[in-house]
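I opened the model today to look through a few places in turn. My notes are kept in the order in which I looked.

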Amino acid sequence: MELDQFPEYIRPYLLPRIGGTLVYRCLQCGTEYPIEEFLYTCPKCQGIFMLPDKDFDRLKEIPGHLWQEIFNYRKMLNLPALKGIFLFHEFVAPLIPLEDIVYLGEGHTPIVEANDYLKELVGCRFYYKNDGLNPSASFKDRGMACALSYANYLIREKNLKEVLAICASTGDTSASAALYTSYLRGKVKSAVLLPQGKVTTQQLAQPLGHGAMVFEIPGVFDDCMKVVEYLADNYHVFLLNSKNPWRIRGQESYSYEIAQQFDYNLKNKVVVVPIGNAGNITAIMNGFLNFYKVGIIDTLPKIVGVQSVHANPVYLYYLEPNPQKRKWRPVKVKPSCAQAAMIGNPVSMPRVMQLVEEYNELAGEQKIFVVEVTEQEIMDWMLIANRNGHIACTQGGESLAGLVRALERGVVSTDEEVILDSTAHMLKFIGFQQMYFEDKFPAEYEVKPREELKNLPKLLRPSNISYFPNEKTLTTEEFKEFVKKTAKAIADSLNLQEKRR
Ligand SMILES: *Cc1c(COP(=O)(O)O)cnc(C)c1O
Ligand SMILES: [Zn+2]
């Protein structure tokens, strides 16, 4: 829609006003640093940063209901820069001019309601928000779009020469980083560090296909992260891990979208999200907090984080109910089907600790919970979801398994409505499904396939057929025989009724 076709009162707000005063603020010592540098840990105390807007209060001058209308109308504006996560420009990165925004189709992923069968089976009304439908097939694109838009802006402003973007990855960060940096060819080059043998074939193919330099490290993700942190502290590089708070800001769009998709009414709503490096749950909490503080939503939804028993440091931390007695201990991870969340020492833990407290306090009751699920439950529930019209990855299966656990524990009640994060597309993790169907999980995963969830192709080669098409060129008669007898065998096995003529 053209600008002059919108109602007059909304026109002045359709295009975001560039503004805001963003600073890196150390979570540990509180020191603030200007954002004109590539900085990831506090030079004073090694703490990590949030990226608050010191002029945030200016956003409160516009009433909540008007913000709602601004975002709703803005959706009809055909400006690529505002089509993705930057629909919420004022809340994402208000200082970035529209010309620098990188838009590759990310964000505004669909929310798909579970069918009656699944709702009955699980015991409440729920939806999947399919973040696997982002361009590189995971939610990481939200944060990447923000981080690379900022880099693009800084490169132009400061006339920087080719910047090296670097990240450690359990697979999806590198896929996303490689995609977005390849769009900025000539300005940004990218290098990614992956744990050898711990990413799927599909995830490895993505950075390779987008032309990134890929380094495989003999170790797990946590080891790759340490190397990348060292590089970021000692060399001139642009770090693309979620330690970089620009990533978090972009990922906050997930919450803004949920608010918009439910007409800003989040009463009785629960969001379930898998936790790995804890960047996503950080962003989801902060996103809802931002909208709440400005009055765009009037309820803070419940949030349930989910971890596998094979990578559960956040779960163990919150297991202790007394905040004074909680002790932070990283864990050594074991192999997990939820491989993208297989992290024993989440970088964003200090952010989580602070935000959980703020969130619960503002809500006036406990609204953040963490549950734990088994590897078996992750696989079973992923397969069950996908047999009912969904496209959940293993982490999406973890979300559903987490919901089942939360209902069991009374953390979520049957009259609440739940939005599950399916963080990536099922095809990225399809090897786990294959292992399940073929009963080939190595013992340390502790997954035994349930017969009724297995599915394998059946070779159809009826013995009464003389020749098959891939054996020789069939004569007309032989081909007719092949078609008729094969069809008969299928009809018999499916119990089909023959048409009467
Ligand atoms: C990165 C990732 C996660 C974990 O998210 P964190 O922000 O690291 O907690 C979960 N699922 C998928 C598919 C991912 O790519
Ligand atoms: Zn500090």
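**Entry 1, domains.** I note at the start that this is a predicted model. I looked up the division of the protein chain and found domain 1 (111-135 + 252-453), domain 2 (139-247) and domain 3 (458-501). I then took the C-alpha centres of domain 2 and domain 3, which lie 52 Å apart.

Which residues coordinate the zinc ion (ligand 2)? I found Cys26, Cys29, Cys42 and Cys45, each through SG, at 2.3 to 2.4 Å. Along the chain, these donors follow the spacing C-x2-C-x12-C-x2-C. I placed two of the cysteines: cysteine 29 is in the loop between β1 (23-26) and β2 (32-34), and cysteine 42 is in the loop between β2 and β3 (49-50), so the pair ties together parts that are 13 residues apart in sequence.

Are cysteine 29 and cysteine 42 buried or exposed? Cysteine 29 is partly exposed, with a relative accessible area of 37%. Cysteine 42 is buried, at 0%.

**Entry 3, strands.** I started from β5 (residues 125-130), where five of the six residues are buried. Strand β4 (residues 111-113) runs antiparallel to β5 and is joined to it by three bridges. In this pairing, isoleucine 111 stands opposite lysine 129. I then followed β5 to strand β13 (residues 417-422), where the two pair in the parallel sense over six bridges. Here phenylalanine 126 is opposite valine 418.

I turned to β13 itself and found six of its six residues buried. Both faces of β13 are covered, with Glu417, Ile419 and Asp421 on one side and Val418, Leu420 and Ser422 on the other. I noted that the buried set includes Glu417 and Asp421. β13 also pairs with strand β10 (residues 269-274), in the parallel sense and over four bridges. For valine 272, the bridge partner in β13 is leucine 420.

Which residues of α16 (residues 430-437) are buried? I listed Phe432, Gln433, Tyr436 and Phe437. Viewed down the axis of α16, the buried residues fall within an arc of 135 degrees, so they line one face of the helix. An α-helix has 3.6 residues a turn, so residues three or four places apart point the same way. I looked for what the buried residues of α16 pack against and found α14 (375-386) and α15 (394-409). After α16 comes aspartate 439, and I noted its positive phi, near 55 degrees.

I went to the loop between α12 (313-319) and α13 (349-363), where serine 336 lies. Serine 336 is buried, with a relative accessible area of 1%. What does serine 336 touch, not counting residues up to four places away in sequence? I found Ser308, His310, Met342, Glu375, Phe432 and Tyr445. One of these, Phe432, is also among the buried residues of α16. For tyrosine 445 I took the C-alpha separation from serine 336, which is 6.2 Å, although the two are 109 residues apart along the chain.

Definitions and conventions: Residues are numbered from 1 along each chain as its sequence is written. Chains are lettered from A and ligands numbered from 1 in the order in which they are written. This is a predicted model: local features need pLDDT of at least 70, side-chain atom pairs count only at pLDDT 80 or more; totals for chains, interfaces and linings use all residues. Side-chain values use heavy atoms; hydrogens and water are left out. Buried means under 20% relative accessible area, exposed over 50%, partly exposed in between (1.4 Å probe, protein chains only). The arc is that of the directions from the helix axis to the C-beta atoms. Contact means heavy atoms within 4.5 Å. Donors are N, O and S atoms within 2.8 Å of the metal (3.2 Å for Na, K and Ca); water is not among the atoms, so sites may look incomplete. Two strands pair if DSSP finds at least two bridges between them. Domain bounds come from an automatic or database domain assignment.
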